[in-house]
Amino acid sequence: MRRPVIAGNWKMYKNPGEAAGFLHDLATLVTESTHAEIVVCPPFIDVPAAVDAARDSNIEIGAQDLFWLKEGAYTGEVSAPMLVAAGCRWVIVGHSERRHYFGETDESVFKKAAAALEAGLTPIVCVGERLEEREAGLTENVLATQCAGGICGLTPEQFARVVIAYEPVWAIGTGRTATPEMAGQAHHFLREQIRSRFGNEHADACRILYGGSVKPDNVKSLMAQPDLDGALVGGASLDPASFAAIVNF
Ligand code: PEP
């Protein structure tokens, strides 16, 4: 039985005061929600305020990125041990916006995931095809390549603690969601990739989240697919009521 994860990715929205207010509000809306792990990933600058506000709740805090080295002369970067010390338990790795705007590659995704695991963070590793790749019938090739260059380089022991997010790039922030069947097919393909690399036990245990315009009114039909184990939510995670409605799908 895979316990769902509902994770919110705030991207570059909200300041520390707004983060604290949001988490107090969300905490009151999800006190009974024990069926899922609830994660909020604010901007780095909000992490201390978010950790503090979520302290006595069932909400955990994650970051949206990290650098793979522990410390050094890397201006602007934040390491996995720093995130742990600040109270993060999770970190998003390889989000398509990082791949697109900041040059993230499968190789950097692999290094970041390994660094996160070594520090005790749970990485949410994002994969997904662009619109032109889907239209060219290349979705499975793209997913296979991203898996091979990223998570498949981990050891089975490392992989056991990874969460994957399938996020078709054309569905992120566009209001255009994959149909439950499209998402289900991609998740099934990803699980088979994991099976061939890591074996049945790891494939059956791995949580694969869907991300791309998840909203309170479409989450239920997406989660009805057998290979969908939760959601990575952008826009709809910015409002406590809509994020709580997704958590309580
Ligand atoms: C995301 O940022 O990971 C995401 C899925 O965004 P949205 O829900 O807004 O499409």
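**Exercise 1. How do the residues of the lining of the largest pocket divide into nonpolar, polar and charged?**

*Solution.* The model is predicted, with local features requiring pLDDT of at least 70 and side-chain atom pairs pLDDT 80 or more, while totals for chains, interfaces and linings use all residues. Residues are numbered from 1 along each chain as its sequence is written, and side-chain values use heavy atoms, without hydrogens and water.

Step 1. On a 1 Å grid over the protein atoms alone, a pocket is an open set of points with protein on both sides within 12 Å along at least five of seven lines, a cavity is a set where a 1.4 Å probe fits but cannot get out, and lining residues have an atom within 4 Å of a point.

Step 2. The largest pocket is lined by 17 residues, and Lys11, Met12, Gln64, Arg98 and Phe102 lie nearest its centre. Its volume (the space filled by probe spheres set on points joined across faces, edges and corners) is about 500 Å³.

Step 3. Ala, Val, Leu, Ile, Met, Phe, Trp, Tyr, Cys and Pro count as nonpolar, Asp, Glu, Lys and Arg as charged, and the others, Gly among them, as polar. The lining then comprises eight nonpolar, four polar and five charged residues.

Step 4. Helix α4 supplies the largest share of this lining, four residues; helices (H or I, at least four residues) and strands (E, at least two) are DSSP runs numbered from the N terminus.

**Exercise 2. Identify the surroundings of the ligand.**

*Solution.* Step 1. Around the ligand are 14 residues (a heavy atom within 4 Å), of which Lys11, Glu167, Gly173, Ser213 and Gly234 come nearest. This shell holds four nonpolar, eight polar and two charged residues.

Step 1. Polar side-chain atoms lie 3.1 Å from a ligand oxygen for Asn9 and 2.9 Å for His95. For Gly173, a backbone N or O atom lies 2.6 Å from a ligand oxygen.

Step 2. The protein covers 98% of the 300 Å² of accessible area (Shrake-Rupley, 1.4 Å probe) that the ligand has on its own.

How values were computed:
Polar contact = N/O pair within 3.5 Å; in protein donor to acceptor, adjacent residues only side chain to side chain.
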